[in-house]
Amino acid sequence: MTPQTNPFTLGVASGDPLPDSVVLWTRLAPRPYEPGNGLPGDGAIDVQWELASDESFRHLVQNGTVPAPAADNHTVHLDVRGLEADRFYWYRFRVDGRWISPTGRTRTAPAPTADVDRGRFGLLSCQQYDEGYYTALAHLAGEELDAVFFVGDYIYENAINAQAGARHYTAPLPEFFNHVTLNLTDYRLRYALYKSDPDLQAAHAAHPWYVTWDDHEVGNNYAGDISQDNDPVDVFRARRAAAYRAYWENMPLREAHRPTGPDMRLYRRFQYGRLAQFDILDTRQYRSDQAYGDGWQYPGPESEDPARTLTGAEQERWLLDGFRSSTALWNVVPQQVAFCRHKNTTADRSQLSMDAWDGYPASRDRVLAGVAEAGVANFVVLTGDEHVHYAMDIKEDFDDPDSRTLGVEVVGTSVSSGFDGEEHPDDWTLTLAANPHMKFYDARRGYALVTLERTHVHAEFRTLTGVVTHGAPVSTAACFVSEAGDPGFSAA
Ligand code: FE
Ligand code: CA
């Protein structure tokens, strides 16, 4: 079956690079905003693919045909093998020789034994469509990077009106988007809406991505089987199954991560030569319910119950085993919610966010005990969710600024969630005073760049003047470094 109009409306993507393979992704959608996307509801469409060592495809490395099954909403997840390590490749897809996709560029990881000097990575999160344009992603597409980490809130579940909220569209969106996502069709079309954005397509086409989710890929602040509104568990598990299925379909993930019903293994590990190990977490699927009814609350016996977990026991074991077996210089943990303590007053007793690691302190203590026990010298946590930039030192005792620093946390701001934001919001002075381990705070939109070298890690906080109008310039608000073997951020 040949689509009568261009099916490559949602771009291309690559992800989860290994030294010899990478996942190439696309989705056929001649009518991206309609249920079914204008394609038949069964069977598969053959998609031709090409991978080359140059942008003009003169030096073809591999090619073939891969099915885009209707059952997978006509998505392609091609795990190309037999590649050379630490190299750029270019890829594209065709249907029936008539339609050709945009070209994507990707990069394989270095060989596990390679003595890599440097790796440079983007850190993205939180791209609520109707709160701003993806100008940050257009700028990120032009950065020189080895890969990108996207650490959650790729989509949001909220209703989107015909004007697309802050985007003020004059060509109205279909009424279909004006309700909360609940079923498979809702989630599939929500990804289609987001992925129709040219800046998001450019960022995917420019770099391979390692993705993980937070809450909004399903629904706000859910915890395991428990929705924010405490829906019946079977109802919420059906929603989670639909959301996870659409997530897998729309991300450059391997077949091994394909969900079974409401369960999907997303946490996973990558080596970046001898330079780094990436342990990408899922702190949503297995967590205990938020203590004290969620939100900002005073900690107490309920939040401090050692039986509570943010990772689940199995993922925690996997993480600590990974620290133990690691031979990498840097142990990097890309994950969702703020790891360091974050008080909202300077009083000794302060409310904390029950949705972040602060609401699961025993879980955090077990991770830090694992870091210490394994002798991890260079521990770096990469975080999203907060919709602001923070540079923070991970302290042995957050109440004692003179206690040992165990690592550093880079919280990258949102791409668009939260509208324009501002450099110094109302709580800026108080937040820095209440949290002496916080070295930097900026509440504008943008992304972070994290460069790992043998001697130090460098974090660059990129910000935009705004996102509710398109095309703002990007600039660097601040840079921080932490030395290898001597953790702690200082301004660079
Ligand atoms: Fe968010
Ligand atoms: Ca979130």
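Predicted model: local features only at pLDDT ≥ 70, side-chain atom pairs only at ≥ 80, totals over all residues.
Student: Let's start with the iron ion (ligand 1). Which residues are its protein donors?

Tutor: Cys126 through SG, Asp153 through OD, Tyr156 through OH and His387 through NE2. They lie 2.0 to 2.5 Å from the iron ion (ligand 1).

Student: And what arrangement do the 4 donor atoms make?

Tutor: Irregular, because the angles they subtend around the iron ion (ligand 1) run from 86 to 168 degrees.

Student: How are those donor residues spaced in sequence?

Tutor: The pattern is C-x26-D-x2-Y-x230-H. Cys126 sits in the loop between strand E9 (118-124) and helix H1 (135-141), while His387 is in the loop between E17 and E18, so this pair ties together parts 261 residues apart in sequence.

Student: Is Cys126 buried or exposed?

Tutor: Buried, with a relative accessible area of 0%. His387, on the other hand, counts as partly exposed at 22% relative accessibility.

Student: OK, on to the calcium ion (ligand 2). What coordinates it?

Tutor: Four aspartates, through their OD atoms: Asp153, Asp214, Asp215 and Asp385. The distances are 2.3 to 2.6 Å.

Student: Got it. And what's the sequence spacing of the donor residues of the calcium ion (ligand 2)?

Tutor: D-x60-D-D-x169-D. Asp214 comes from the loop between strand E11 (209-211) and helix H4 (233-250), and Asp385 from the loop between strand E17 (379-383) and strand E18 (389-395), so that pair links parts 171 residues apart in sequence.

Student: Buried or exposed, that Asp214?

Tutor: Asp214 is buried, at a relative accessible area of 1%.

Student: Changing topic: how many disulfides?

Tutor: The count is 0 disulfides. Take Cys340: the closest cysteine sulfur is the one in Cys126, 18 Å away, which is too far for a bond. The cut-off for a disulfide is a pair of cysteine sulfur atoms within 2.5 Å.

Student: And is Cys340 buried or exposed?

Tutor: Buried, with a relative accessible area of 0%.

Note on methods. Residues numbered from 1 in each chain as written. Chains lettered and ligands numbered in written order. Heavy atoms only, no water. Donors = N, O, S within 2.8 Å, 3.2 Å for Na, K, Ca; no water. Helix = DSSP H or I, 4+ residues; strand = E, 2+ residues; numbered from the N terminus. Buried < 20%, exposed > 50% of the residue type's maximum accessible area, 1.4 Å probe, protein only. Tetrahedral: all angles 85-135°; square planar, octahedral: opposite > 155°, others 65-115°.
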